[in-house]
Amino acid sequence: MTIIVNNKEIEQLEQFSDKIQTLIQFLSQGEQSVNALIQQSDTLSFSSEAQFVEQLYLGLMNSTLIYLDKIPLSVDVKKLHELSTNDLRDLAVFSSHESDTDKARLTGILSKYRLVDSANLNKIALFYRRYNLNYHALGWGASFKDQLTLYSVICFSEETYELSNQLVIPACQWATKQAQNLSEFAHYFCIYLAWKNSRHGHTGSPDDLVAMLAPVVINNLDSPVVTYELQAIDLHNAIKQWHEGGKNLGFSSFSAGLLNIVLNIDLDKADVVQAANDYLTALQSALINTLANDSYVCQAGECRHYLFNLHHSEAVLNVDSQGCLSLFNHWPVAA
């Protein structure tokens, strides 16, 4: 008796569900490692199959992030748990030499689960190359989650603004000075774009805008702690109870909050602080009167996203592994 999962003794690999067996196949030497654990004398106990396979990845790879080179795709094993068994099998057997029909099937799976493959993620490198930017130190040690954030911001910026060397280069220079990591760099880059596209962007300084809005953001960083997995109605109740306690749902970070405000107010108003407060009041009202229309584990596996389709915008709330509920993104979408 060496592996116990949910109070059940595991004596052979076939006792695991089809999904877990497929996940183990993704891992180099995965089957051999499981068989070795089964044969050892020490007892290892896990509350679920998911916990077992996550710990297996950590033990063998020192990470739960896996690279599927045939697709190619980087994804956390916690995200792979979300895929159906059939979709997971398709990923496991996919080859780059497959037919157009199979490639279309793969594209459908990536879209269905909001997965960004390496070809699309290469947009980051293309962005730096297009504007002849130096790849700054913030990117050298960036987490996968940070890279995904920058990818999303670049996609949003290209859809929203008319980018040029004259706009992008100073935006990147300013963002690099403000940021401590790649996610912050992405946020500040987009903040600069929004500021530059306002009337004040031709006369003032983005530093002035940050200084004015900083107190508003700081006052809205407090977040409730909830159960990690929530149904839409439970999430609704948690937000409502928090609001009834006289609190706004806090931002996931200072730079994320600053960007959310900047994208949703008129920066040309005389009193941007009042505009920010009015925006936050309206947003909280919208959140407590709307149910999340979808939820999914992020590709980096660090949190669960909850999506809210609001008026001409989409809000994304996070619940991380500690149960901290926060407002991650609230960006306008095309009408």
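Reader: How far apart are the mean positions of the positive and negative charges of the protein chain? After that, which rings pair with Trp174, and how are their planes set?

Author: The model is a predicted one, in which local features need pLDDT of at least 70 and side-chain atom pairs count only at pLDDT 80 or more, whereas totals for chains, interfaces and linings use all residues. Residues are numbered from 1 along each chain as its sequence is written, and side-chain values use heavy atoms, with hydrogens and water left out.

The charges come first. The protein chain has 21 positive and 36 negative charges, and their mean positions are 4 Å apart. Lys and Arg count as positive, Asp and Glu as negative, without His and the chain ends; each charge is placed at NZ of Lys, CZ of Arg, CG of Asp or CD of Glu.

The protein chain holds 15 helices and nine strands, which are DSSP runs (H or I, at least four residues, for helices; E, at least two, for strands) numbered from the N terminus. Its radius of gyration is 22 Å, close to the 20 Å that the globule rule gives for 335 residues, so the chain is as compact as a globular protein of that length. This radius is taken over C-alpha atoms, and the rule is 2.2 Å times the number of residues to the power 0.38. The C-alpha trace spans about 70 × 50 × 35 Å along its principal axes. Of the 335 residues, 48% are buried, that is, under 20% relative accessible area with a 1.4 Å probe and protein chains only (exposed is over 50%, partly exposed in between).

Now to the aromatic part. Rings of Phe, Tyr and Trp (its six-membered ring) pair if their centres lie within 6.5 Å; planes under 30 degrees apart are stacked, over 60 edge-to-face, and the rest tilted. By this rule there are 10 aromatic pairs. In one of them, the ring centres of Trp174 and Tyr188 lie 5.7 Å apart with planes at 80°, so the pair is edge-to-face. This pair links distant parts of the chain, 14 residues apart: Trp174 belongs to helix H10 (residues 165-178) and Tyr188 to helix H11 (residues 182-196). Trp174 is buried at 8% relative accessibility, and Tyr188 is buried at 6%.

Trp174 also pairs with Tyr192: the ring centres are 6.0 Å apart and the planes at 45°, so this pair is tilted. Here too helix H10 is linked to helix H11, through residues 18 positions apart. Tyr192 is buried, with a relative accessible area of 9%.

Finally, Phe127, Tyr128, Tyr131, Phe185 and Phe189 form one aromatic cluster.
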